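Dear colleague,

Please find below the structure that I am handing over to you. My notes on what was found in it follow directly after.

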Amino acid sequence: MNPSTSESQQRERLKTVVHASADAASALVAADIAALIRQNTAAGRPTVLGLATGSTPVRLYRELIRLHREEKLSFKKVITFNLDEYHGLPRTHPESYWRFMHEQLFNHLDLPAASINVPDGTVPRADVFASCRVYEEKIRAAGGLDLQVLGIGRTGHIGFNEPGSGRDSRTRLVTLDALTRRDAARDFLGEANVPRHAITMGVGTILDAKRIVLLAWGEAKARVVADAVEQPPSDALPASFLQGHAAVAFHVDQAAAGELTRVRDPWLVGTVTWTPAVARRAVVWLSQQVKKPVLKLLEEDYSEHGMADLLTEQGPAYGLNIRIFNEIQHTITGWPGGKPGADDTHRPERAAPHPKRVVVFSPEPSDDVLGMGGTLRRLVDQGHNVTVAYQTSGNLGVPDEEATMAAELVLELDRASAAFENPGAKFAREVRRQLGAKSAFDGDTPEIRQLKGILRRGEARASLQACGVDAARARFLDLPFYERGRYRQFQIGDADVAALVTLLREVKPHQIFATGRAADPSSVPAVCFEILRRALTQTSGDPWRAACRLWLYRGPDRNWAPAEIEMAVPFSPRELTQKIQAIYHHKSQRSQSPVFAAGLHEAWQQAEHHNRAIALSYDALGLAEYEAIEAFERDPA
Ligand code: GLP
């Protein structure tokens, strides 16, 4: 145990600081680095920084750039060493770490070019060994790393030290893990384009740094952070070796802290303030732990699992069981837009008005039906005025082969219909030419992206029809941040927010459905949600807002714990089949989704698994047994 920590952190084997947000954490670490640089510069010493890539440190780098511009922080006496680089990519490749570091940081500072060191990914295989030795020697000659910044991969890697990397490993060529390559697939516009090898500082190289800070944001990192912090060190999770370092700290946001024992099961490690939400979480947890339905939990189950004080405060057990059971029972409704004319005291949604004006925001086409295809059908069947707003075109997610097929189809049509004027054929011919001229690493031209966007619009319309929603209810916003950007490097602009504000003011919805917090804070849904947040802030004074509720659904990358669910919409076996068939229409997305559980490669499989899993978890708590459930939480905004 880390001696400086409180009782609730007793399982944590290294210093872990949970921050309110990634921005707050980044600002703090940036201030720390600035102080170090200023101190060393004043003493006439250089500052040697070890730097990381990935989406995680981007906020830190933006803050360092701000400190340089606005607070005269000079990098003239700084020397940098990057952790790693893909092997075999030219420096100019959009995903090379060399280019990433220049674009995200170096180009904006007064750091001398000669002080920048990034492992050279372009050296031939035969020379890699020697080149790695030179890299290590250079670090030593510079006086060693004063401070190393790290992110963490979902495999538990630091740098590219994948599971199996030893504590004493040094800078070397490594083979990338399958999960790491899959996580990078979107950046590289396809898994096939992701390099198989990389050069990385070793675990031993990293541990030689005088100080180490590891940053992690978002729920996708929560599991691996908790394991690195709470499990004994092992090469199965290289980040856990940081436990042996004398001056290491993890800086995480709330979501990335979510699996730490003190956050997830606080009753196991200390005294808890039993708010209604915490009590519900604890009772659900207990029911799952002892594998008994809620109504069968006994006094001793509570006391044997660190929850005796909950009983003292809110017991006896049976009364508490009934209260929590009823709370969960009341989340279940077949009327996601409210049941007209019914007493709605214990229903998740208001009965009036009926019908409601509803806006469903879908970050990319297909998120809507994956997350809430069954609920969409219900809303329409129950008479509500539903608008489905696709925030981005989704064209980055379309493989070239699909675009080629579409272009060929138009050209075939053109040949078959010689009697008709066909201006589309000229466009298709041009796109086909551009696709032919494209190399694996090139981004798409605007024309290719346009064709890919058209494909996804068609799929979205067909999918909506299959959910019983008139395709005329679809609105395609094609937000500019996405059209300009690449994955993980999106920048929100005023026009993105304005597009949502316009739509919201036009519809004046009573209900908004959107994907809320995303597992990966740099993902498209996360950026789309931030844009919605800003649009809601801008419209906060509008009269329609008083009657508007925001419901959050989730993509298949995020699991629901039953205690988080505030509205559970169950559906029948037939409705589940209809939903799956609706997902099939997103043909360009086949085999495109990241695998989130063993064997589930297709998006429809993931959605089905999810909806069944929620139903099973309700059943296990002792509630009714349904085929499938779509879940929502209510955002207080
Ligand atoms: C890559 C890098 C790591 C980084 C990890 C996480 O694998 N080699 O240094 O920590 O990605 O990436 P992200 O910060 O985008 O989640």
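A definition is needed at the outset: helices (H or I, at least four residues) and strands (E, at least two) are DSSP runs, numbered from the N terminus. Please bear in mind that this is a predicted model.

With these names in place, I begin with a helix and the sheet beside it. Helix H21, which covers residues 603–620, lies across E16 and E17 and runs at about 85° to E17. Both strands belong to an open sheet of 7 strands with mixed pairing, in the order E13-E12-E11-E14-E15-E17-E16. Strand E13 (474–476) and strand E16 (567–571) are its edge strands, each pairing on one side only. On average, and with direction ignored, neighbouring strands of this sheet are turned by 25° against each other.

A further helix, H13 (residues 367–381), also packs on the sheet. H13 touches strand E11 (357–362), strand E12 (385–390), strand E14 (511–515), E15, E16 and E17, and its direction makes about 95° with that of E17.

Within the sheet, strand E15 (residues 549–553) and strand E17 (residues 628–635) run antiparallel and are joined by 3 bridges. Leu 550 has Asp 635 in E17 as its bridge partner.

At least two lining residues are supplied by each of helix H3 (97–104), strand E5 (116–117) and helix H4 (125–141). H4 gives the largest share of this lining, with 5 residues. Sorted by class, the lining of the second largest pocket has 9 nonpolar, 4 polar and 3 charged residues.

Finally, one residue deserves a separate note. Phe 160 is placed in the loop between strand E6 (147–150) and strand E7 (172–175). Is Phe 160 buried or exposed? The relative accessible area of Phe 160 is 4%, and buried means under 20%, so Phe 160 is buried.

Which residues does Phe 160 contact, leaving aside its neighbours within four places in sequence? They are Asp 84, Tyr 86, Tyr 97, Val 174, Leu 176, Thr 180, Ala 198 and Thr 200.

With kind regards

Definitions and conventions
Residues are numbered from 1 along each chain as its sequence is written. This is a predicted model: local features need pLDDT of at least 70, side-chain atom pairs count only at pLDDT 80 or more; totals for chains, interfaces and linings use all residues. Side-chain values use heavy atoms; hydrogens and water are left out. Two strands pair if DSSP finds at least two bridges between them. Axes are lines fitted to C-alpha atoms, for helices over the stretch in contact, and angles run from 0 to 180 degrees between N-to-C directions. Contact means heavy atoms within 4.5 Å. Ala, Val, Leu, Ile, Met, Phe, Trp, Tyr, Cys and Pro count as nonpolar, Asp, Glu, Lys and Arg as charged, and the others, Gly among them, as polar. Buried means under 20% relative accessible area, exposed over 50%, partly exposed in between (1.4 Å probe, protein chains only).
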